[in-house]
Amino acid sequence: MTESVTGTVYLVGAGPGDPGMITVRGVACLAKADVVLYDYLANPLILSHARPGADLVCVGKHGKTKIWTQVEINNELVRLAQQGKTVVRLKGGDPAVFARGAEEAEVLADHGLAFEIVPGVTAALAAGSCAGVPITHRDTASAAALVTGQQQEGATEPIDYAALARFPGTLVFYMGVTTIDEWTGGLLAAGKRPDTPVALIRRCSLPDQQTVLCTLETAAERLRSTGLRPPVVVIVGEVVQLAPKLSWFDRRALFGRRILVTRPAHQAAGLAEPLQELGAEVLFQPAIEISDPADWSPVDAALLQLEKFDWLVFSSVNGVHATLGRLKAVGRDLRALGRSKLAAVGAATGAALRGYHLEPDVIPERFIAEELAAALAADAAGKRYLLLRASRGREVLAETLVAAGAVIEQVVVYQSSDLAEPDGQIAADMASGRIDWVTVTSSAIARSLFAMFGDRLQQTKLASISPQTSSVLRELGLQPAAEAVQYDMPGVVQAILTAEKASRPTKP
């Protein structure tokens, strides 16, 4: 008789919102899951850690999909585990802190199913850290109490407001927006000081985090007047007085700015990450996509004759990876490059070569084709150059080298093509002026963006990577609001920072 095999359920805490706050263990569980059942409070970017082909099921997102009942979720976890599936139940915050993880674990235990509870960063800790309100402090708060603002009807232990009013430390209320009159009133009636400091913190750890400082007596009125909606965590206690001094999250240079990164998907992170570190909310809309050339045979023929070239010239990071990645297909390796010198158009392209343990012989001080051409042209007469390029681009490099007496050969090592349509939400945000900046990191991207959005780009500010890209934008009737001095991704970030600083009103 064959013994039936059951699966395992991982109850994983997704953290408070920032996708970087999920634990390493949580990521490992997602990577092996067959099915992920996730809450609407779990940042959907975390789902990128799920393995390809996993079934991703949202069990409740207001206004978009059916909100599953807890009984339905419990039954689904049992059903999937009994089928032998590996399941991740992805929950906002920590599964064991006001997230009903205990109920789900009990059901699994009652059915004899294997499960693991994977902790997450709970909202109280994240809100305190991101808003500059540590929930404990050596001088003012030696204890902290986590309190639900939504107690189940008929609970065996109703909230004891008298005990909480006497509590010698910090109170943190979860899910207390709709019941704020009840719990603030309960604390005040029990003798809690009306002027007790309070912080209302919405969407903690996310780029649109909001913090409202008030007192226990004014908290309900302030919540209504500011229009704060869930998710909100409320911190009550003397530690709140530290917020003006310790707040750092909303003081970052690009906090509150929404910036559209338009590079190809596989290259977006290199620009997105520094912007996010500076507090920006980064949106993604690739304007072009990179793919293999339609015909590899010209590339292969060149790779089989590398010995005849004095110089190999790489005009992009994509060109480096496409070229060197193709060597194996023709039965060669890096030794085939031994005779040739290497030229890179800029620092990023040079870094890509170093990733293959190849040191470029020439990188111009300014990262544009004209500068690379000038650096090579002085000694170009009679030399043979192989230009490894995209399917489209300017001819300035080839023309300059030919004029200098070089013999050149060009091969297309990757295809660059425009995306036809933008994401619907991105298009709506662009039309309504809800995007503060759009990064424009090549002439091809400039033209593709104009084809996508047209004059709607007048609703935002454009950050150009170089004078050449700015020239193309102006040809299209668009005026860049910032232009990089250094023609690379750090230069684009710095250009936005400089423009933002200049736009701020000067203090009297």
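Start with Y385, which is buried at a relative accessible area of 0%; buried means under 20% relative accessible area, exposed over 50%, and partly exposed in between, with a 1.4 Å probe and protein chains only. This is a predicted model, in which local features need pLDDT of at least 70 and side-chain atom pairs count only at pLDDT 80 or more, while totals for chains, interfaces and linings use all residues. Residues are numbered from 1 along each chain as its sequence is written, and side-chain values use heavy atoms, with hydrogens and water left out.

**Whole chain**

Zoom out. The protein chain has 18 helices and 20 strands; helices (H or I, at least four residues) and strands (E, at least two) are DSSP runs numbered from the N terminus. Its C-alpha atoms fill a box of roughly 90 × 85 × 45 Å along the principal axes. Of the 508 residues, 49% count as buried. Contact means heavy atoms within 4.5 Å; among contacts between residues at least 6 apart in sequence, 67% join residues at least 24 apart.

**Aromatic pairs**

Rings of Phe, Tyr and Trp (its six-membered ring) pair if their centres lie within 6.5 Å, with planes under 30 degrees apart counted as stacked, over 60 as edge-to-face and the rest as tilted. The count by this rule is five aromatic pairs. Select W311 together with Y385: the ring centres are 6.2 Å apart and the planes are at 5°, so this pair is stacked. W311 belongs to strand β14 (residues 311-314) and Y385 to strand β16 (residues 384-390), so the pair ties together parts 74 residues apart in sequence. W311 is also buried, at 10% relative accessibility.

Next, select W248, F249 and F255, which form one aromatic cluster.

**A helix pair**

Two packed helices are described by the angle between their axes and the distance between the axes. Select helix α9 (residues 269-277) and helix α18 (residues 489-503), which pack at about 35° with their axes 9 Å apart. Axes are lines fitted to C-alpha atoms, for helices over the stretch in contact, and angles run from 0 to 180 degrees between N-to-C directions. The crossing of α9 and α18 is right-handed; a crossing is right-handed if the near helix is turned clockwise from the far one by less than a right angle, and left-handed if anticlockwise.

Show side chains at the contact: α9 supplies G270, L271, P274 and L275, and α18 supplies M489, V492, V493 and I496. By class, the contact has seven nonpolar, one polar and no charged residues. Ala, Val, Leu, Ile, Met, Phe, Trp, Tyr, Cys and Pro count as nonpolar, Asp, Glu, Lys and Arg as charged, and the others, Gly among them, as polar.

**Backbone exceptions**

Most residues other than glycine have a negative phi, and most peptide bonds are trans. Select P230 and P231: the peptide bond from P230 to P231 is cis, with omega near 5°. P231 lies in the loop between α7 (219-226) and β10 (232-236).

Move to R100, in the loop between β4 (86-91) and α3 (101-110). R100 is not a glycine, yet has a positive phi of about 65°. With a relative accessible area of 40%, R100 is partly exposed.

H357 has a positive phi near 65° and is likewise a residue other than glycine. H357 is in the loop between α12 and α13. Is H357 buried or exposed? At 76% relative accessibility, H357 counts as exposed.

Not counting residues up to four places away in sequence, P364 touches A344, V345, E371 and L372.

L80 is in helix α2 (residues 70-82), buried at 4%. Leaving aside neighbours within four places in sequence, L80 contacts V35, L37, K85 and V87.

End at P264, in the loop between β11 (258-261) and α9. P264 counts as buried at 4% relative accessibility. Which residues does P264 contact, leaving aside its neighbours within four places in sequence? They are P286, I288 and I290.
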